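Good morning. Please have the sequence and the structure open while I go through it. I will start with a definition and then move to the contacts.

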Amino acid sequence: MGDVDTDVPITFVDDTHKLGQFLTWLNERRTCLAVDTETEGLEFWKCGVRLIQVGDARTGWAFPWPHWAGPALAAISAYDGPIVMHNAKFDTVMIEHHAPSFTVPRAQLHDTMIMGHLVSPHTSKALKSLCTQHMGAYASSLQRALDEAMAKNRWTWATVPIEFPMYWGYGCIDTVLTARLYDILHPQVQSSYEDLYELEMATMHIVASMEKRGARVDLAYCARARDQLGEFIESATQWCLDTYGFRPGSNREVTRQLLADGVTLTKRTKSGDWALDDDVLSGLELQGNVLATTVRGVRKATKVKSTYFDNFITLHDNEVLHPSINQLGARTGRMSVNSPALQTLPRGPMVRDAFIASDDNVLVMADSDQIEMRLLAHFCRDEGLITAINSGDLHTDTARRVYGDMSIGKKDPRRQTAKNAAFAKVYMAGVDKFAATAGVSIEEARTFLSEYDRQFPGVKAFQKHVDAVAQQRFIEERQAYVTAPTGRKHVADDVRTAYKLVNYLIQGTAADVLKMQLRNLDLAGLGPYMTLPVHDEVVFDIPRSEVSELIPVISQAMNITEGWAVPITAGVDGPYERWGDKYRE
DNA sequence: GTCGCTTGCCAC
DNA sequence: AAACGTGGCAAGCGAC
């Protein structure tokens, strides 16, 4: 990898003379003004800003946040051209939290991280990677020198001296790189992703506000749950140690013991060891194996305690969790959430009861109905599938068609098989995987899928079409990819995995639909009340006095009847005092 | 002590 | 011809 020219003029602004030079420079002509910050850490509510840098493709300026944030922010406010950041959500939240009277000019704001993802969704969107990818160069030697200096002096991002030249110099270079990246990516985005980019920028502000608002947690409930789970784990672990001399968390020891006890194992892990997952353990538990029962219990309790309750207690800020929402977390355009992973809360009241409404508020959830199957129907235009969806109960109608039995009702186990088949289609599962997840024999799975294909021929035709397009593009453009209705590009890592594009198209378009719904909700005035996106769902924390008026507004914003082969419908649940209430109805 | 890999499990 | 997708995260364990 080459090194970008780092001999560009850079300045540490800490006197009025240099500020004057900066203000003169600001009047020069340029394509964009790049802005960046250096902070003590990632959490806006407890980490301060240390530096704010402003630059363009040729020059960078660093302002120590104490004393000099004011002039830097005033200059940004006065600037009337494009303002670009790499990961604008982070800097925007940080700056606005620590300078409450300042607002980043929304209409002028650009984000090279979002641009980079739209242009190549399958590669890293880090500044460093994008510079290497699009400019063939990065400030590698400068970064290495800074890393070494920080290690040698045992500095962290919170303690490295602000005036240390490599630190603020690196900060300046980042703005130069961001500006240069903008010059390369913005024209591509304008010509190929204009509307989608606008949707992403709108989404950025919405999820920034969700992060700031956060989710209220009941800490007393969390502490009680943590302690109860802790006691159970403690005693079960002690029993295991006393009886066998090892901890139930050691799969290796547990497996050795099971084999010594004469247990027959058949399932292997990817690397060839004996598998000891819940599938295996539940089988042993049915045979009365006490060790299996213990291991399962400890695993379940440890998962819930460590991943959820412990983290809620550790991460909260004044009883509020501010998760990190990665707007382009997945290659498909789906969002991901971490610290804590609020998109993976176990269903049911146990963990979700930890989430309560803010003072004088109530919780409301809105989620799309079978969004992925509706999009599959949109893509393949299969008459039968469209009719089945519009019947009001897709899976029952599917089961009736496939089994040729109109007496099948909502509680018939064959409906669940039909539901599993829907997911098998969306994920491109084969007969074996479908049989395993649906819990039916290979033979029944085979029969079901072939009858499914006869009933809904458009589904297989669509899958074949996606593959044909991908194969053709691989030959002509050396890249297997497809383009979604929103213009989002989906790229396969390899021609051999081109089959995944069917899933990317469906999952990615579902993500686009959610972002459209978020934008609708924001436009309808729900912006201040949204707290979390969950792939096909939005969580709200709404003033109690406004719920009855707002529920129809939410419904209106989530339901999309125009533009798709079947309507995109959504349901609204609540109001609730706790998230867990949803599972008690 | 930190890092990376493996295995397993939570969600949609 | 055949192929379940996308994430976050914890514990165990060996390597550095």
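To sort residues by class, we count Ala, Val, Leu, Ile, Met, Phe, Trp, Tyr, Cys and Pro as nonpolar, Asp, Glu, Lys and Arg as charged, and the others, Gly among them, as polar. By that sorting, the surface near DNA strand B holds 10 charged, 6 polar and 6 nonpolar residues. A residue counts as near a molecule or strand if one of its heavy atoms lies within 4 Å of it.

Before going on, some ground rules. This is a predicted model, in which local features need pLDDT of at least 70 and side-chain atom pairs count only at pLDDT 80 or more, while totals for chains, interfaces and linings use all residues. Residues are numbered from 1 along each chain as its sequence is written, chains are lettered from A and ligands numbered from 1 in the order in which they are written, and side-chain values use heavy atoms, with hydrogens and water left out.

Back to the DNA. How many residues surround DNA strand B? There are 22, and the closest are Ser271, Leu276, Lys303, Arg334 and Arg347. Of the atoms of DNA strand B that come within 4 Å of the protein, sugar and phosphate account for 88%.

Which helix gives the largest share of the surface near DNA strand B? That is helix α12, residues 290-315, with 4 residues. Helices here are DSSP runs of H or I with at least four residues, strands are runs of E with at least two, and both are numbered from the N terminus.

Now some polar contacts, meaning pairs of N or O atoms within 3.5 Å; within protein, one atom must be able to donate a hydrogen and the other to accept it, and residues adjacent in sequence count only if both atoms are side-chain atoms. Arginine 299 has a side-chain N or O atom 3.0 Å from a phosphate oxygen of DNA strand B. With arginine 347, a polar backbone atom is 2.8 Å from a phosphate oxygen of DNA strand B. Aspartate 536 has a side-chain N or O atom 3.1 Å from a sugar or linking oxygen of the DNA strand B.

Next, a sheet. Two strands pair if DSSP finds at least two bridges between them. In what order do the strands of the open sheet of 4 strands run? The order is β16-β17-β13-β18, and the pairing is antiparallel. β16 (530-533) and β18 (570-576) are the edge strands, each with a single partner, so one side of each has no neighbour in the sheet. On average, neighbouring strands of this sheet are turned by 20° against each other, direction ignored; the axes are lines fitted to C-alpha atoms, for helices over the stretch in contact, and angles run from 0 to 180 degrees between N-to-C directions.

β16 pairs with β17 (residues 537-543) over 3 bridges, in the antiparallel sense. Proline 533 has valine 538 in β17 as its bridge partner. Histidine 535 lies in the loop between β16 and β17. Its phi is near 70°, a positive value in a residue other than glycine.

A second residue of this kind is glutamate 319, which is not a glycine but has a positive phi of about 70°. Glutamate 319 sits in the loop between α12 and β10 (320-321). Most residues other than glycine have a negative phi, and most peptide bonds are trans.

One joins serine 339 and proline 340, with omega about -5°. Proline 340 is in the loop between β12 (336-338) and α13 (349-352). Another joins glycine 574 and proline 575, with omega about 5°, and proline 575 is in strand β18.

Now strand β3, residues 33-39. Buried or exposed? Buried means under 20% relative accessible area, exposed over 50%, and partly exposed in between, with a 1.4 Å probe and protein chains only. In β3, 7 of the 7 residues are buried, so the strand is largely enclosed by the rest of the structure. Leu33, Val35, Thr37 and Thr39 point one way, and Ala34, Asp36 and Glu38 the other.

β3 is joined to β4 (residues 49-55) by 6 bridges, running antiparallel, with aspartate 36 opposite glutamine 53. To β6 (residues 83-85) β3 is joined by 2 bridges, running parallel, with alanine 34 opposite valine 84.

Last, cysteines. A disulfide is a pair of cysteine sulfur atoms within 2.5 Å, and by this rule the count is 0. Cysteine 131 is buried, at 0% relative accessible area.
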